[in-house]
Amino acid sequence: MKIIMLGAPGAGKGTQAQKIAAKYDIPHISTGDIFRANIKNNTELGKKAKEYMDQGLLVPDELTCDLVTDRIQQDDCKNGFILDGFPRTIPQAEALTNALNKLGTAMDYAIDVDVPDENIVNRMSGRRACLKCGATYHIVTIPPKKEGICDKCGAELVQREDDAPETVQKRLTVYHEQTQPLIDYYKKAGILKTVDGTKDLEDVFKSITDILGA
Ligand code: AP5
Ligand code: MG
């Protein structure tokens with residue numbers, strides 16, 4: 001099963017992608033997590049990506065496309081994968097379509113987690129993230145069992161640098177300009193499914209598993 005998670009920053013793509021990956025036993029590939037891991041390890045890619053991420057801008061396509069098209073050809077992706085945060089521009093979507101075409105395959109589902117802008121800033125200000133395993137919490141709606149500590153791996157939780165309210169506003173603008181057109185792209189491809197992302201975490205998950213089946 002090959003799935004794309006679409007949705008605004010803070011819509012819950014990462015939260016749902018982790019649960020889907022565990023349920024269907026497929027890798028969760030988040031470009032945001034890959035960039036953050038590179039920033040933490042101070043790699044060349046991390047240094048370049050940070051310049052854009054700190055401003056709420058997209059990392060250029062040339063740094064992003066090959067990274068993902070290479071990743072999905074690794075062994076663990078044989079039975080499928082879930083993409084979270086990629087594609088984010090029409091050229092990225094085209095690069096993905098072409099790479100899969102060459103492999104004689106295509107994506108199965110593009111799931112748009114729909115959340116209006118007014119709900120987003122609240123979610124982001126309460127978000128706490130684990131940079132070690134990628135788990136995500138919210139101090140009010142999805143708190144960790146022990147404050148500041150990841151339930152899954154025990155690492156310390158942090159507030160993401162790009163979750164400052166001004167940067168969130170910028171990310172929303174960038175989303176509407178550059179990423180929202182993908183909804184139409186995947187509608188035309190016949191694989192778009194939309195779920196209401198304002199519901200509780202488990203209700204959103206149920207809407208998604210109803211679509212995916214089993
Ligand atoms: P990325 O890491 O992908 O960030 P994003 O798309 O802005 O999305 P977020 O991770 O902020 O939100 P999410 O939808 O995953 O929500 P979450 O589950 O955490 O990208 C960061 C940056 O990297 C980009 O700005 C860009 O610079 C760069 N980048 C990455 N990919 C790129 C690409 N392909 N091309 C170019 N640049 C790229 O949930 C949010 C909060 O809400 C959490 O606190 C969570 O606990 C809570 N929550 C989730 N679901 C619910 C619910 N149902 N009810 C209540 N609270 C909920
Ligand atoms: Mg995320």
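Me: How many aromatic pairs does the count come to in this predicted model,?
Reply: Rings of Phe, Tyr and Trp (its six-membered ring) pair if their centres lie within 6.5 Å, with planes under 30 degrees apart counted as stacked, over 60 as edge-to-face and the rest as tilted. Tyr185 and Tyr186 form an edge-to-face pair, with 75 degrees between the planes and 4.9 Å centre to centre. By this rule the count comes to one aromatic pair.

Me: Is Tyr186 buried or exposed?
Reply: Buried means under 20% relative accessible area, exposed over 50% and partly exposed in between, with a 1.4 Å probe and protein chains only. Because its relative accessibility is 3%, Tyr186 counts as buried.

Me: Which residue has an N or O atom in its side chain 2.6 Å from an oxygen atom of ligand 1?
Reply: A polar contact is a pair of N or O atoms within 3.5 Å; within protein, one must be able to donate a hydrogen and the other to accept it, and residues adjacent in sequence count only if both atoms are side-chain atoms. A polar side-chain atom of Thr31 lies 2.7 Å from a nitrogen atom of ligand 1, and a polar backbone atom of Lys13 is 2.9 Å from an oxygen atom of the ligand. The residue at 2.6 Å from an oxygen atom of ligand 1 is Arg127.

Me: On what basis are residues numbered and values computed,?
Reply: Residues are numbered from 1 along each chain as its sequence is written, while chains are lettered from A and ligands numbered from 1 in the order in which they are written. In this predicted model local features need pLDDT of at least 70, side-chain atom pairs count only at pLDDT 80 or more, and totals for chains, interfaces and linings use all residues, while side-chain values use heavy atoms, with hydrogens and water left out.
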